[in-house]
Amino acid sequence: MRVIAGSAKGRRLLGVPGDTTRPITDRVKESLFDIIGDDIVGATLLDLFAGTGSVGIEALSRGARQVVLIDKAYQAIQVLRKNLELTGLAGQAIVIKGDAFRYLAEAGDVQAGFDYIYVAPPQYQELWVKALLALDERDLLADDGTIIVQIYPKEARPLTLQRFELTRERQYGSTLLQFWRHRKAAVSVEVENPDGVS
C-alpha cells in the first residue's frame, strides 16, 4: 500500500494489523482518483471509516485542502496518525477517534459542506446503507459534491434517498465503487465494469 501520486508519491503506508479494516487496493485507488481528476485540488474530504487513512492521504498528496478522518478503532487511529506523519501531511488532516454515526448525528450545519464524502465500512453489516441514510437526514455534502461508497459487489442493493441519487457505479473485481450526488446535480447512471467480473 503506497501513495500513488502527488507530494507524497511513492511513500509506503502502514497497514492496520488483523482483518478489522478493508483497505482499498492501489489499483482501485488509482482508478478512483483518475475519476476524480483535478477536482481534488483544493477540495475537502470526509472519510467516515478511515482505517489506514489511505484515501484521505492520497487526496492530500494530490492537493486536497483538508481531510477529516474518522475511525473508532484505537489501532486504526494509531496507524493513521503514523501514516500522516510519514507522508508529512498531518497538518492538513483532522483525525477523530469516534463513531462515524455519532459524528453524523452531532455534526453542526456545514455551510459549504464537504466536496467528497468517502464511505468504506466493514463488510456485510449494511453500514454503507446506514451511512447514506444518515447523510440523507443531515446533508454534509457541498452542492456539487460527491459521496463515494466502497463495498463488496454482493452487498449492493437498490436504495432510494430523498437528497441523493446514484449516478455512477464502477466495479473492479471484488470492489464496487458507487458515486452519489444531489438529485439536482445528478445525471443518468453509468454502470461500468472494467474487469467484466460480476
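**Close-up 1. Parallel pairing of strands β1 and β4 in the predicted model.** Three bridges link β1, residues 44-47, with β4, and the two strands run in the parallel sense. Within this pairing, Leu-45 lies opposite Tyr-116 of β4. Strand β4 itself spans residues 114-119, and five of its six residues are buried, so that the strand is mostly covered.

**Close-up 2. Pairing of β4 with β5.** Strand β5 covers residues 141-151 and is parallel to β4, to which five bridges join it.

**Close-up 3. The β-α-β unit built from β4, α5 and β5.** Helix α5, residues 127-137, forms a β-α-β unit together with β4 and β5. The unit is right-handed. Its two strands, β4 and β5, are those joined by five bridges in the parallel arrangement.

**Close-up 4. Glu-58 in helix α2.** Helix α2 comprises residues 54-61 and includes Glu-58. Glu-58 is classed as buried because its relative accessibility is 0%, where the cut-off is under 20%.

**Close-up 5. Polar contacts of the Glu-58 side chain.** The Glu-58 side chain reaches the backbone nitrogen of Ile-4 at 2.8 Å. A polar contact at 2.7 Å also connects the side chains of Glu-58 and Arg-62.

**Close-up 6. Residues around Glu-58.** With neighbours within four places in sequence left aside, Glu-58 is in contact with Arg-2, Val-3, Ile-4, Ala-5, Lys-29 and Phe-33. Among them is Ile-4, whose backbone nitrogen is reached by the Glu-58 side chain.

Technical notes
Residues numbered from 1 in each chain as written. Predicted model: local features only at pLDDT ≥ 70, side-chain atom pairs only at ≥ 80, totals over all residues. Heavy atoms only, no water. Buried < 20%, exposed > 50% of the residue type's maximum accessible area, 1.4 Å probe, protein only. Helix = DSSP H or I, 4+ residues; strand = E, 2+ residues; numbered from the N terminus. Pairing = 2+ DSSP bridges. Right-handed = clockwise from strand over helix to strand, strands pointing away. Polar contact = N/O pair within 3.5 Å; in protein donor to acceptor, adjacent residues only side chain to side chain. Contact = heavy atoms within 4.5 Å.
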